[in-house]
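Here are some friendly notes to read alongside the structure. Keep the viewer open and look up each residue as you go.

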Amino acid sequence: QVHLVESGGGLVQTGGSLRLSCRASGRTLNIYRMGWFRRAPGKEREFVAAITKIDGTINYADSVKGRFTISRDNVKSTVYLQMNSLEPEDTAVYYCAVLTLGNSDYTHWGQGTQVTVSS
């Protein structure tokens, strides 16, 4: 099993920045892709960004492209999400997830970290 712990959430004003971190432990050798999802109040969980472990291929949701940057440190088994120009619409619980080798869907999830952007 892969265990994920998110951190870095908090309260910021519109236009501010936060950096989220997600540390993976356990069977990290099988990780193919690590990603960020979020669930805002009254909405379904949505994809935010993802990065592959080996070659660093990155994908972003259109809503965050140009504002958020995903990166990873394979030595630390950690993925980061740098969030700039935050908007109230970014308020959500942010979840880290991993896609392991041999799977097409994300199979492991963290508990989430709250991000609140005040207007």
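1. Start with the side chain of Thr 52, which reaches the backbone nitrogen of Gly 56 at 3.2 Å. The Thr 52 side chain also makes a polar contact with the side chain of Asp 55, at 2.4 Å. Here a polar contact is a pair of N or O atoms within 3.5 Å; within protein, one must be able to donate a hydrogen and the other to accept it, and residues adjacent in sequence count only if both atoms are side-chain atoms.

2. A word on what you are looking at: this is a predicted model, in which local features need pLDDT of at least 70, side-chain atom pairs count only at pLDDT 80 or more, and totals for chains, interfaces and linings use all residues. Residues are numbered from 1 along each chain as its sequence is written, and side-chain values use heavy atoms, with hydrogens and water left out.

3. Where does Thr 52 lie? Thr 52 is part of strand 5, residues 46-52. Strands (E, at least two residues) and helices (H or I, at least four) are DSSP runs, numbered from the N terminus. Thr 52 counts as buried because its relative accessibility is 3%. The scale is as follows: buried is under 20% relative accessible area, exposed is over 50%, and partly exposed is in between, with a 1.4 Å probe and protein chains only. Leaving aside residues up to four places away in sequence, Thr 52 touches Tyr 32, Arg 33, Thr 57 and Arg 72; contact means heavy atoms within 4.5 Å.

4. Now step back to the chain. How many helices and strands does the chain have? There are zero helices and eleven strands. Of the 119 residues, 44% count as buried. Take contacts between residues at least 6 apart in sequence: 53% of these join residues at least 24 apart.

5. For overall dimensions, the C-alpha trace spans about 40 × 25 × 25 Å along its principal axes.

6. Next, find the cysteines. A search of the whole structure turns up one disulfide, meaning a pair of cysteine sulfur atoms within 2.5 Å. Cys 22 and Cys 96 form this link, with their sulfur atoms 2.0 Å apart. The pair joins distant parts of the chain: Cys 22 sits in strand 3 (residues 18-26) and Cys 96 in strand 9 (residues 92-100), 74 residues apart. Are these cysteines buried or exposed? Both Cys 22 and Cys 96 are buried. The link is left-handed, with -85° about the S-S bond.

7. The charged side chains deserve a careful look too. Three salt bridges are found in the whole structure, each being a side-chain nitrogen of Lys or Arg within 4 Å of a carboxyl oxygen of Asp or Glu. Arg 38 meets Glu 46 in a salt bridge (2.7 Å, N to O). Asp 90 also forms a salt bridge with Arg 38, the closest N and O atoms being 2.9 Å apart. This second pair links distant parts of the chain, since Asp 90 is in the loop between strand 8 (78-83) and strand 9, Arg 38 is in strand 4 (residues 31-39), and they are 52 residues apart.

8. Stay with Asp 90 for a moment. Its side chain meets that of Arg 67 in a salt bridge (2.7 Å, N to O). Arg 67 lies in the loop between strand 6 (58-60) and strand 7 (68-73), 23 residues from Asp 90. Arg 38 is buried because its relative accessible area is 6%, and Asp 90 counts as buried at 1%. Glu 46, at 33%, is partly exposed.

9. Finally, check two serines in loops. Phi of Ser 77 is near 50°, a positive value in a residue other than glycine, and Ser 77 lies in the loop between strand 7 and strand 8. Phi of Ser 85 is near 50° as well. Ser 85 is in the loop between strand 8 and strand 9, and its relative accessible area of 41% makes it partly exposed.
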